[in-house]
Amino acid sequence: MSSHLDPSRDLTTIAALNLVQVITTVHNRTRNCYKEIAELLQSKLYKWEGDAHNFNKDGPFIEIVTSPNNPDGLIRKPVVNSPNGRLIYDLAYYWPHYTPITHQADYDIMLFTISKCTGHAGSRIGWAIVKDKEVAAKMTKFMEVTTIGVSRESQLRAAKLLGIICDDCQAFSTNTKSQNFFDYSKRLLTERWDKLHEVVKRSETFSLSKFPKDYCLFSDRFYETRPAFAWLKSNNKVKDCASLLRGHKILTRSGNRFGADATYVRVSMLGREEEFNLFLERLSTIKIGICNGNGIAHIN
């Protein structure tokens with residue numbers, strides 16, 4: 001979806017008349033990040049307005065669309081339909097080892113990161129594809145001022161990694177017996193998700209969301225979304241799922257941090273193999289008996 005705004009009037013110009021509202025959906029990890037940034041800078045150009053589903057104000061706005069969404073892995077679309085808005089697509093997880101690539105991403109502003117593609121989070125490298133040259137120039141200037149220049153070493157590492165992945169995919173097209181990076185990663189994630197589903201299936205305490213199969217244009221076949229995180233829900237006997245799991249030496253992020261209630265937690269599916277197997281082992285031992293008011297007593 002293209003920008004709603006008249007390209008001849010950028011947000012900086014419009015903001016001279018009205019504060020630009022910044023919104024996104026709930027159940028979103030980046031919701032808290034964007035909120036913190038918007039409030040920390042105390043800009044006179046924009047302010048954080050919160051949940052896009054509750055947004056009904058006039059004037060210019062920016063809607064941040066995270067798709068696939070973190071933490072639940074769902075494909076998201078813009079919520080607000082207004083001629084006054086500009087859309088920013090956070091596509092950090094739009095890679096074929098996480099979700100079927102159902103369409104070509106072709107938006108005005110798209111954000112990506114090497115950390116979610118290959119796992120090299122420590123390099124701190126992301127990039128944007130921006131159609132408007134003036135907007136791109138302002139983004140570049142902002143990065144220069146706030147970072148004093150992005151690490152050359154990190155840039156070289158990210159470029160090398162992406163180059164290897166591209167070469168790998170091209171070689172795969174001529175050798176169908178090998179696996180490219182994305183197919184290999186998707187196979188590992190599928191194995192982990194299958195193991196987690198088996199543990200949850202035997203449990204009376206937890207449940208997981210189900211994802212439909214879709215056709216992937218990149219892989220040329222149907223398969224299910226296998227997100228980088230599991231959005232795990234406890235039953236109604238448990239009021240604080242994160243505390244319950246912490247008691248069994250399983251560290252997660254509470255649903256409260258994503259705008260959901262405390263019966264949800266986000267669990268990483270990307271740790272080392274021995275860590276993931278230990279997580280499954282500990283999760284499989286949790287049985288809920290008669291609970292007290294906190295929902296976490298009398299646990300075997």
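Residues are numbered from 1 along each chain as its sequence is written. In this predicted model, local features need pLDDT of at least 70 and side-chain atom pairs count only at pLDDT 80 or more, while totals for chains, interfaces and linings use all residues; side-chain values use heavy atoms, with hydrogens and water left out.

Helix α6 covers residues 181–202. Helices (H or I, at least four residues) and strands (E, at least two) are DSSP runs, numbered from the N terminus. The 22 residues of α6 should span 32 Å at 1.5 Å a residue, and the end C-alpha atoms are 32 Å apart, which agrees. The expected span is 1.5 Å times one less than the number of residues. Asn180 caps the N-terminal end of α6. There, a side-chain oxygen of Asn180 lies 3.0 Å from the backbone nitrogen of Phe182.

Several residues of α6 are buried (under 20% relative accessible area, with exposed over 50% and partly exposed in between; 1.4 Å probe, protein chains only). Among them are Phe182, Asp183, Leu189 and Trp193. Asp183 has a relative accessible area of 8%. Its side chain makes a polar contact with the side chain of Arg221, at 3.3 Å. A polar contact is a pair of N or O atoms within 3.5 Å; within protein, one must be able to donate a hydrogen and the other to accept it, and residues adjacent in sequence count only if both atoms are side-chain atoms.

On a 1 Å grid over the protein atoms alone, a cavity is a set of points where a 1.4 Å probe fits but cannot get out; a pocket is an open set with protein on both sides within 12 Å along at least five of seven lines, and lining residues have an atom within 4 Å of a point.

The second largest pocket has a volume of about 370 Å³. Of its 14 lining residues, Tyr94, Trp95, Pro96, Phe182 and Phe218 are the closest to its centre. Helix α5 (residues 152–174) gives the most to this lining, with 4 residues.

The whole structure holds 2 cavities of 30 Å³ or more. Trp193 is among its lining residues, as are Asp72 and Trp231. Strand β10 (residues 229–234) gives the most to that lining, with 3 residues.

Terms used
Points joined across faces, edges and corners; volume = space filled by probe spheres on them.
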